[in-house]
Amino acid sequence: MNVLFGLVPADHGFVFLTDESTLQATVVLKRSRYPKDEKIEQFICHTALRYVLESQKPFLSIDATQDERFQKSRSIQQGPIHTILCVP
């Protein structure tokens, strides 16, 4: 995660392990650029996570608020999530 944060200007990062039979994802590593972020899980976009788990394809959305894949995602439309990089 430290290497990733050195390469991209991410504010938050997560690593998940997934049960392949149920597609249930569990956070196994999380990091925030801001040490005082106590509720870092608020930055998880479950719509994006589900998209990657189902498609098994990586994606990058520079402006998730304008990305049609996430128009119904409350965490993106109302929250602080703007750019998403997600890799299976």
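Because the model is predicted, local features need pLDDT of at least 70 and side-chain atom pairs count only at pLDDT 80 or more, while totals for chains, interfaces and linings use all residues. Residues are numbered from 1 along each chain as its sequence is written, and side-chain values use heavy atoms, with hydrogens and water left out.

Q: How much space lies in the largest pocket?
A: On a 1 Å grid over the protein atoms alone, a pocket is an open set of points where a 1.4 Å probe fits, with protein on both sides within 12 Å along at least five of seven lines; lining residues have an atom within 4 Å of a point. Grid points are joined across faces, edges and corners, and the volume is the space filled by probe spheres set on the points. For the largest pocket that comes to about 980 Å³.

Q: Which element gives the most to the lining of the largest pocket?
A: The lining has 31 residues, with H12, G13, F14, I84 and L85 nearest the centre. Two or more residues come from each of α1 (2-7), β1 (12-19), α2 (46-55) and β4 (84-86); helices (H or I, at least four residues) and strands (E, at least two) are DSSP runs, numbered from the N terminus. With 6 residues, the top contributor is β1.

Q: How many charged residues does the lining of the largest pocket have?
A: Here Ala, Val, Leu, Ile, Met, Phe, Trp, Tyr, Cys and Pro count as nonpolar, Asp, Glu, Lys and Arg as charged, and the others, Gly among them, as polar. The lining splits into 24 nonpolar and 6 polar residues, and the charged count is 1.

Q: Which residue meets R69 in a salt bridge?
A: Side chains of opposite charge can pair when their charged atoms come close. The cut-off for a salt bridge is a side-chain nitrogen of Lys or Arg within 4 Å of a carboxyl oxygen of Asp or Glu, and a search of the whole structure turns up 1. At 2.7 Å, N to O, the partner of R69 is D67.

Q: Is D67 buried or exposed?
A: The scale runs like this: buried is under 20% relative accessible area, exposed over 50%, and partly exposed in between (1.4 Å probe, protein chains only). R69 is partly exposed at 33%. D67 has a relative accessible area of 13%, so D67 is buried.

Q: What kind of pair do the rings of F59 and F70 make?
A: Rings of Phe, Tyr and Trp (its six-membered ring) pair if their centres lie within 6.5 Å; planes under 30 degrees apart count as stacked, over 60 as edge-to-face and the rest as tilted. The whole structure has 3 such aromatic pairs. The F59 and F70 rings have centres 5.5 Å apart and planes at 35°, so this pair is tilted.

Q: Which residue joins F59 and F70 in a ring cluster?
A: F59 is buried at 7%, and F70 is buried at 0%. Ring pairs link F59 and F70 into a cluster with Y51.

Q: Where is Q56?
A: Q56 is among the residues that Y51 touches (heavy atoms within 4.5 Å), not counting residues up to four places away in sequence. Phi of Q56 is near 60°, a positive value in a residue other than glycine, and Q56 is exposed at 52%. Its place is the loop between α2 and β3.

Q: Which residues does S73 touch, not counting residues up to four places away in sequence?
A: S73 lies in the loop between β3 (59-61) and α3 (74-77). With a relative accessible area of 4%, S73 is buried. Its contacts are C45 and T47.

Q: How far apart in space are V87 and V52, C-alpha to C-alpha?
A: V87 lies in the segment after β4 and is exposed at 57%. Not counting residues up to four places away in sequence, V87 touches V52 and P58. V87 and V52 are 35 residues apart in sequence, and in space they are 6.8 Å apart.
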